[in-house]
There are 4 protein chains.
Amino acid sequence: MIRCALFGAGRIGRLHADNLAAGKQVEFVRVYDPDPEAARAVAREHGCEVAQRDADCLAGDVDAAIIASATPTHIDLLTRAVKADKAVLCEKPIDLDIARVDAAQPVVTASAVPVMVGFNRRFDPGHRRLREAVAAGELGTPEQMIVSSRDPGLPPRDYLAASGGLFRDMMIHDFDMVRFVLGEEIKHLSATGSALVDPSLRELDDVDSAMVLMTTESGKLAHINCSRRAVYGYDQRIEVHGSAGMMLSDNPTPTTVRHADAQGTGCAPRLYDFFLDRYAQAFANQLAAFVDAVERSAKPDADFHAGRQALRLADAATEALHGRDPSLVSP
Amino acid sequence: MIRCALFGAGRIGRLHADNLAAGKQVEFVRVYDPDPEAARAVAREHGCEVAQRDADCLAGDVDAAIIASATPTHIDLLTRAVKADKAVLCEKPIDLDIARVDAAQPVVTASAVPVMVGFNRRFDPGHRRLREAVAAGELGTPEQMIVSSRDPGLPPRDYLAASGGLFRDMMIHDFDMVRFVLGEEIKHLSATGSALVDPSLRELDDVDSAMVLMTTESGKLAHINCSRRAVYGYDQRIEVHGSAGMMLSDNPTPTTVRHADAQGTGCAPRLYDFFLDRYAQAFANQLAAFVDAVERSAKPDADFHAGRQALRLADAATEALHGRDPSLVSP
Amino acid sequence: MIRCALFGAGRIGRLHADNLAAGKQVEFVRVYDPDPEAARAVAREHGCEVAQRDADCLAGDVDAAIIASATPTHIDLLTRAVKADKAVLCEKPIDLDIARVDAAQPVVTASAVPVMVGFNRRFDPGHRRLREAVAAGELGTPEQMIVSSRDPGLPPRDYLAASGGLFRDMMIHDFDMVRFVLGEEIKHLSATGSALVDPSLRELDDVDSAMVLMTTESGKLAHINCSRRAVYGYDQRIEVHGSAGMMLSDNPTPTTVRHADAQGTGCAPRLYDFFLDRYAQAFANQLAAFVDAVERSAKPDADFHAGRQALRLADAATEALHGRDPSLVSP
Amino acid sequence: MIRCALFGAGRIGRLHADNLAAGKQVEFVRVYDPDPEAARAVAREHGCEVAQRDADCLAGDVDAAIIASATPTHIDLLTRAVKADKAVLCEKPIDLDIARVDAAQPVVTASAVPVMVGFNRRFDPGHRRLREAVAAGELGTPEQMIVSSRDPGLPPRDYLAASGGLFRDMMIHDFDMVRFVLGEEIKHLSATGSALVDPSLRELDDVDSAMVLMTTESGKLAHINCSRRAVYGYDQRIEVHGSAGMMLSDNPTPTTVRHADAQGTGCAPRLYDFFLDRYAQAFANQLAAFVDAVERSAKPDADFHAGRQALRLADAATEALHGRDPSLVSP
């Protein structure tokens, strides 16, 4: 039984709390949040302790910590946790500043504790099946990958202003998917983008619609198209083409009803409206994989390096968007 | 080159005329219609002759005749054509009265000329692929068949009054599909039906919504559901289940676009609104198969026996609907 | 917080135990099974008590009972629970003998406690959405309903011999679906069936492949096709046609990947292989609905009457299959 | 009735010959091919004349000419035809050398005769429906476009060596689709590509797998992914996302059967193996649109400018692939 503490009792923290409470082989011992009432609410619901200080979540009775606090706190908590010999599941991004990530890397590398970055989509049943098909050679030699990534709507301006921009905030998941599914580093990248949903995003030097091309070290090609808006819900599809066939990880729908009327036929429902619903199974599977890695003292699937490389790709895309030639991104 | 004459210059006759004009190995020589202007219009469009009397379509320079005239004239023209040693493609139904069909049978049986009944759906690429899959054992031993058969809307009252009722007019195609796809005769049948689209159909002793169950000689099960109305267009699907799998011949759509908006995702267009559009390819393939049968002096796919058996099933369903126990329908 | 006890620690009992443990507003207090080790295993996993005698599950500290024991015990436990003023969620079928069900009815009717029958499919998100669309008039006036119901494979011979036959064991769910979705009683029914998967079932006077037609009181038409075998997994679809459109509750797949290779395109995975996986969400929703009904002292969705009527339809179909005219089945 | 002559009796010429023979309002008068036997074969099949010299196809009795000869002859024949006041339908590409295209432009611009370039995909029912939806604002303001374009397999080495490379030979259709569907010129483009199907293509300085990003003048984003190989057949999909929804023009399949067995469910057939089958309807519609434009002396849909712009985009992509910064491509 792994004893686990939680940093953060916000939206994503509460999701982890739910999964901790329902998870097997794991005990939810303590929660910390700078807002004590938020922490107390989680503690009440799940019968765990409230930590008075964040350090309490790294106390001797804790085996592992989940970091679901505000992004700027991630790297510090992660470093302290690793130093305290706690396994870590840290929400993405590790940090918005690659220099801070690089500075933390030696500590993580020197430690044997499992460190996992919260790339939950790796644990989505469809995306994972696709990765497994590629790895098993079911598609022959993979040649091209196309990722479609659309959120239902723009987040609030405040969020956007602190987000690090579309590539670091949103497309970082898709960059990770490319590395995860193809199993290769990226050698070259180009990008384009526009503020089409909300032209005033230009004031933030940001875009809401973007496309990226990537070439891997062996010459495989990858594309990501991304938008902050899709009126029909979360649209996140991945398609891989290989010498022997193709596989698409398509969108699930809340139900599998199909409707026909005078306007059309075969109409499925809207896609999910909320990423916590869309990826509910992925988050639960992610926690199970983390607990399993901790139990087996194994290197987790989405490690610190994965978090760093995704950020480097996001940085490169941001540079490319602004017309500056991105330095080669591998390794 | 087969020289072919045409009886009937109405809606279905004009379709056959178009296919005759575009067909390979066939020459469209003459058309007859009781309305001379209708015949002349067809002749003008396709550069063939107008027959003054119906007998001209069975003259010595004619190899084959297509009977697309009014239903009550079918059996007489068919009989005369066979006696005149002309190959015949006769629109369905051969007749609404099984006694008249039975009376004509000896003439047809005694003759070697190919006689084909216009069960065009046998020549639809999807339905035929399904038949071939069954025949080739791709589904293992076939066990169940489900046919969905919906027209976009009610035909005019006059048409309905002379139609012979839902089973003989509309479901006759589906009865033929069951025999065609399963390749077996029907041993038992039950039926139910209602006038739900237009309750006044009860005055005609007819229904607009019906379902039938059938059991074949070897115990296979078949079901047909049928309606005179589907607001989304012609809905005609066939599904066969066997010991090794299932196959569905699904509806085609006018285009393969798919649409998503705030209401839903993956929406295909309405189905076809008109059977001549839905089965355009089937009618063209049917004519090619007829011409091929004539050239090879071969027994055609949908022969006189098929026309008779489909009518017997329609009769049995009509009896069953009225609560009279249908006599066994095979052979 | 509802305090709930569980009868039965077999396959379906353990599923209810899992849901009880994870459920909100409910506490899993006690489990009984004639096999004490089975009960102890459940108790250990979920931290509840083991009942020494079945009566302990109806003790004063219990608000509600789930009956997931062997079918022959259902009606007795249900009656005792109601008399003890406990709310009941009883697995289907209530009993295989309508006379025993009828005998219990006065007790249930006289009591105010919620009694729910385990028609879990009513709580499947897709099937429920379909019911809601019908009830809300989204399809106009409903006219026809088609239910496809296939299990992956034959259960063991012992199970079959005690099952009450295909209609009472398997199709009973589908009969309930027809009443649930159309919201009407059945006036007439016909049936056919064969032992195609395993011809030796005839020795049990049973079939493994069956089809039923039904007519409701207002003349709506319904069809069920059913097989004990589908090599591609659980295939359970419901289709309703109305004056304004149609809706299909289609099969979910374990993932939404689609595959293309030299053999074909758009291939989805096999369907679920196990009903507990296929209906995992339905069982969880069912428990939540039961707890909710108990909390609100409300009449549950799938009540004793629903259980009785489904059995009466199964009886009528069994009679019809054997060529005996089924008596009218409503009310 | 438009009198039409045909240059070229090869594969694509014979397709045009078939459509000319079946077309309405058009008469197929004459065919020329440097190989007289090829021309004679076409003439025999369709009952038209054989031209002794190419000039005979521009004689006084001809209203319009279809140029389906070898690519290097296109621009000369097109220029001569326009000077002779004949309407022209010229197969793509107009030429592989933009300088030669530019040189011909004044002649075309100065003339009033309709000149159409053979971008047949504009006349595919699905792609055209998508264009119409965009133009009608059904998707709101269009924001992104994704084009997938895969051929079943590599053409012969000889063909490839003379093809002008992937972008000019194959992706030129997709460049035209972007301009056609979005209705805007391209402001910026980037490209990547690899020889993954046949690494020896590098000897030809060519690739078989490529991806392109484009930004239109108003900031819309477009992507094309392209491969010379797809083991499941022609895969040509177009997806447009707008502020109010998205539409996909999906692949048609030869039939609409769907198959399920122990390996999977919902499997559709392979896609078409041959572009003449895939785009049979598009080619027929294209000819009808050309004839219509000639009859109405109207500017055709896919005009000379469209042919020139698609070539300029292909040139820009070729430059970009080789790491040379493409000049801006509009206007």
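Trainee: How many residue pairs are in polar contact between chain D and chain A?

Mentor: Between chain D and chain A there are 18 residue pairs in polar contact, both residues at pLDDT 80 or more. A polar contact is a pair of N or O atoms within 3.5 Å; within protein, one must be able to donate a hydrogen and the other to accept it, and residues adjacent in sequence count only if both atoms are side-chain atoms. This is a predicted model, in which local features need pLDDT of at least 70 and side-chain atom pairs count only at pLDDT 80 or more, while totals for chains, interfaces and linings use all residues. Residues are numbered from 1 along each chain as its sequence is written, chains are lettered from A and ligands numbered from 1 in the order in which they are written, and side-chain values use heavy atoms, with hydrogens and water left out.

Trainee: What makes A:Glu143 and D:Arg229 a salt bridge?

Mentor: A salt bridge needs a side-chain nitrogen of Lys or Arg within 4 Å of a carboxyl oxygen of Asp or Glu. The closest N and O atoms of A:Glu143 and D:Arg229 are 2.3 Å apart, so the pair meets the definition. The count between chain D and chain A is four salt bridges.

Trainee: Which strands of chain D supply at least two residues each to the side that touches chain A?

Mentor: They are β7 (142-150), β8 (186-194), β9 (209-216), β10 (221-227), β11 (235-242) and β12 (245-249) of chain D. Strands (E, at least two residues) and helices (H or I, at least four) are DSSP runs, numbered from the N terminus.

Trainee: How many residues does the contact take from chain D and from chain A, and what area is buried?

Mentor: With contact meaning heavy atoms within 4.5 Å, chain D gives 39 residues and chain A gives 39 residues. The buried area is about 2700 Å², of which carbon and sulfur atoms give 56%. Buried area is the accessible area (1.4 Å probe) that two parts lose on being put together, summed over both.

Trainee: Why is it said that chains D and A meet through the same surface?

Mentor: Because 100% of the interface residues of chain D are also interface residues in chain A.

Trainee: Which domains does the assignment give for chain A?

Mentor: Domain 1 (2-113) and domain 2 (121-273 + 304-321); the bounds come from an automatic or database domain assignment. Their contact takes 13 residues from domain 1 of chain A and 13 residues from domain 2 of chain A. The area buried between these domains of chain A is about 1100 Å², with 71% from carbon and sulfur atoms.

Trainee: How do you know which residues form the salt bridge between the two domains of chain A?

Mentor: The count between domain 1 and domain 2 of chain A is one salt bridge. A:Arg308 and A:Asp102 have their closest N and O atoms 2.5 Å apart, and form a salt bridge.
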